[in-house]
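Welcome! Have a look at the model below, and then we will walk through some of its features together, one topic at a time.

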Amino acid sequence: MKTTICLIAVVASAFAQTWQPQQSGSRSSLRGISAVNADVVWASGSGGTYLVTADGGRNWTAGKVAGAENLDFRAVHALDRNTAWLVSIGTGEASRVIKTTDGGATWQTQLQNPDAKGFFDGIAFWDPKHAVLVGDPVDGHVVVFTTGDGGEHWTRRSTPPAVGAEGAFAASNSSIAVRGSSEVWIATGGVGAARVFHSTDGGATWTVTPTPMRNDGAGAGIFSIYFRDGKYGIVVGGDYTKPKETTGNVAITTDGGKTWKAPSGTPPSGFRSAVVYKAERQLWLATGPTGTDYSTDGGQNWTAMDSTGYNALEFLPSGAGWAVGGGGRIAAYRSVTTLK
């Protein structure tokens, strides 16, 4: 076909990305976020705080768990407007799993850390009944519990020996990734190790793989792990005590976590505590205290999107997403097609 070239401007489409702040009604440090759908979203944080919205964040209701005002809820997982689990951190009994079935009016303690020196880090659900809970090493082994009945009963799993001061980070409830009905990856850090634990049988057996992520300090390592599919995954982190440093803050796997490599291009612009993939735009996002970066080439190169600090991210398959951070900060993700 013959192409006729006219004297008109060529119009190219692009998209702008931004976080749209929402009023949370809280000043707590928020690190837990769980989106059920475009309307129902839960968040959690310090001071026994939980938050929930039923209209996509136009209105948030903030509450505190009675008797748990001193607990820091770093993780939340929600099924609907009424049903959600919270996980608190802290040494020994301060680490707990609690559940509500009435929208936060009452809470039931399902598990209190049985180890005096234990410390829970996060939780992930394969489905409403099956979940995995991760904690810092006790007696030289990363702590893993699993449940098959929605948290009514928990089974302690055996794990490979930890290396040095290795452990997971309770920064964003995203140091755990799950797929299918039984596959799970756990990311770690600390002096001497930044590794990925992998199980395909619900935690019964494990393999462990090193990564090129930095592990030169107690605050260094992998803070977040996310898989686009069963093979392609990205981990982010760095050293949270050095938030502007980019050394060893991202790595990629193309074989399900058997091997990890540092990308060849531009890394995220600082320490990052959470990473997610937006399938509808084939876009990766990573956030942390110095801002959010995005990648359109599978994590090889990252571009700064925003300089506002956030701790955790959650996105739905539809593309709707939210971020939470310090001082009760909550924002919704917005992308707008533009012409230039």
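The lining of the second largest pocket divides into 13 nonpolar, 5 polar and 4 charged residues. Keep in mind that this is a predicted model. The notes below start with the pockets, then move on to rings, strands and a few backbone details.

**Pockets**

- The second largest pocket has a volume of about 340 Å³. It is lined by 22 residues, and the closest to its centre are Phe-169, Ala-170, Ala-171, Phe-223 and Tyr-240.
- The largest pocket holds about 980 Å³ of space. Its lining is made up of 37 residues, and Val-178, Tyr-226, Val-276, Glu-314 and Phe-315 lie nearest its centre.
- Sorted by class, the lining of the largest pocket has 24 nonpolar, 7 polar and 6 charged residues.
- How can a pocket be found at all? Rolling a probe the size of a water molecule over the atoms shows where empty space is left.

**Aromatic rings**

- A search of the whole structure turns up 19 aromatic pairs. One of them joins Phe-197 and Trp-206 in an edge-to-face arrangement, with 6.5 Å from centre to centre and 75° between the planes. Phe-197 and Trp-206 are both buried.
- Tyr-226 and Trp-284 form another edge-to-face pair, at 6.1 Å centre to centre and 90° between the planes. Tyr-226 lies in strand β18 (residues 220-227) and Trp-284 in strand β22 (residues 283-288), so this pair ties together parts that are 58 residues apart in sequence.
- Are these two partners buried or exposed? Tyr-226 has 29% relative accessibility, so it counts as partly exposed, whereas Trp-284, at 0%, counts as buried.
- Ring pairs also link Trp-19, Tyr-310, Phe-315 and Tyr-333 into a cluster.
- Arg-228 has its charged end over the ring of Tyr-232, 4.1 Å from the ring centre. The charged end of Arg-228 also sits over the ring of Tyr-277, 5.9 Å from the centre of that ring.

- Strand β4 (residues 49-53) is mostly covered, with 5 of its 5 residues buried.
- In a regular strand the side chains alternate between the two faces of the sheet.
- Which residues of β4 lie on each side? Thr-49, Leu-51 and Thr-53 are on one side and Tyr-50 and Val-52 on the other, and all of them are buried.
- β4 pairs with β3 in the antiparallel sense over 5 bridges. Here, Thr-53 of β4 is the bridge partner of Val-41.
- The β3 and β4 hairpin has 3 residues between the strands, and in it Gly-47 takes a positive phi near 65°.
- β4 also pairs with strand β5 (residues 60-64), again in the antiparallel sense over 5 bridges. In this case Gly-63 of β5 is the bridge partner of Tyr-50.
- In the hairpin of β4 and β5, 6 residues lie between the strands, and Gly-56 has a positive phi near 75°.

- Strand β25 (residues 312-315) and strand β26 (residues 321-324) are antiparallel partners over 4 bridges.
- Phe-315 stands opposite Gly-321 in β26.
- This hairpin has 5 residues between its strands, and Gly-319 takes a positive phi near 105°.

**Loops and backbone angles**

- Most residues other than glycine have a negative phi, and most peptide bonds are trans.
- Asn-173 has a positive phi near 50° without being a glycine. It is found in the loop between β13 (155-157) and β14, and at 16% relative accessibility it counts as buried.
- Gln-282 is not a glycine either, and its phi is positive at about 50°. Gln-282 is found in the loop between β21 and β22, and with 57% relative accessibility it counts as exposed.
- Val-36 is found in the loop between β2 and β3 (41-45), and its relative accessible area of 25% makes it partly exposed.
- How far apart in space are Val-36 and Arg-81? The C-alpha to C-alpha distance is 8.2 Å, although the two are 45 residues apart in sequence.

Methods
Residues are numbered from 1 along each chain as its sequence is written. This is a predicted model: local features need pLDDT of at least 70, side-chain atom pairs count only at pLDDT 80 or more; totals for chains, interfaces and linings use all residues. Side-chain values use heavy atoms; hydrogens and water are left out. Rings of Phe, Tyr and Trp (its six-membered ring) pair if their centres lie within 6.5 Å; planes under 30 degrees apart count as stacked, over 60 as edge-to-face and the rest as tilted. Buried means under 20% relative accessible area, exposed over 50%, partly exposed in between (1.4 Å probe, protein chains only). Helices (H or I, at least four residues) and strands (E, at least two) are DSSP runs, numbered from the N terminus. A charge sits over a ring if NZ of Lys or CZ of Arg is within 6 Å of the ring centre and within 35 degrees of the ring normal. Two strands pair if DSSP finds at least two bridges between them. On a 1 Å grid over the protein atoms alone, a cavity is a set of points where a 1.4 Å probe fits but cannot get out, and a pocket is an open set with protein on both sides within 12 Å along at least five of seven lines; lining residues have an atom within 4 Å of a point. Grid points are joined across faces, edges and corners, and a volume is the space filled by probe spheres set on the points. Ala, Val, Leu, Ile, Met, Phe, Trp, Tyr, Cys and Pro count as nonpolar, Asp, Glu, Lys and Arg as charged, and the others, Gly among them, as polar.
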